[in-house]
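This report describes a predicted model. Please examine the sequence and the structure shown below before reading on.

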Amino acid sequence: MGRVDRCVCKRVMLSAVAARAASLRASGLKDEDGLVARLAEELGCTTGCGMCEPYVRLTLRTGRGWFDWREPAARAAVSEVEARRASAK
Ligand code: FES
């Protein structure tokens, strides 16, 4: 199965990420990087191994609570995060 629906390290469901992101956006936080940072602070997602970050970002972009890691959008998000990390080194 290729289903990804949570941050495994911190046991945070992507549906919870979507719900919290909706309320953060309603309070004025719209920037994706800012949302990722705030969600990391509040929920802990992305703060362990970091492998969930592409899916957290996809959740922010789509509102969806799960993805198949084989989906083109999911693979693109993984590549994007890997490139971002490589350029930050
Ligand atoms: S799966 Fe989210 S930090 Fe490891």
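## Helix H3 and its surroundings

In this predicted model, Gly63 comes after helix H3 and has a positive phi, near 80 degrees. H3 itself is mostly covered, with eight of its ten residues buried. These buried residues are Glu53, Pro54, Tyr55, Val56, Arg57, Leu58, Thr59 and Leu60. Their cover includes strand S1 (3–4), H1, H2, strand S4 (67–68) and helix H4 (72–88).

The largest nonpolar core comprises 15 residues, and those with the most contacts inside it are Val17, Ala21, Leu39, Cys45, Cys52, Tyr55 and Val56. At least two residues of this core come from each of the helices H1, H2 and H3, and H3 contributes the most, namely four. The helices concerned span the following residues.

| Helix | Residues | Share of the core |
|---|---|---|
| H1 | 14–26 | at least two residues |
| H2 | 32–43 | at least two residues |
| H3 | 53–62 | four residues |

In general, nonpolar side chains tend to be buried together in soluble globular proteins.

Beyond its neighbours within four places in sequence, Leu39 is in contact with Val17, Arg20, Ala21, Cys45 and Val56.

How do H2 and H3 pack, and at what angle? Their axes lie 11 Å apart, at an angle of about 120 degrees, which makes H2 oblique to H3. The crossing of H2 past H3 is right-handed. On the H2 side, Glu32, Leu35, Val36 and Leu39 meet Glu53, Val56, Arg57 and Leu60 of H3. The residues of this contact comprise five nonpolar and three charged, with no polar ones.

Key:
Residues numbered from 1 in each chain as written. Predicted model: local features only at pLDDT ≥ 70, side-chain atom pairs only at ≥ 80, totals over all residues. Core = buried A, V, L, I, M, F, W, Y, C linked by C-beta atoms within 7 Å. Buried ≥ 20, exposed ≤ 12 C-beta atoms within 10 Å, placed from the backbone. Contact = placed C-beta atoms within 7 Å. Axes fitted to C-alpha atoms, helices over the stretch in contact; angles between N-to-C directions. Parallel < 35°, antiparallel > 145°, perpendicular 65-115°, else oblique. Left-handed = near helix turned anticlockwise from the far one by under 90°. Nonpolar A, V, L, I, M, F, W, Y, C, P; charged D, E, K, R; others polar.
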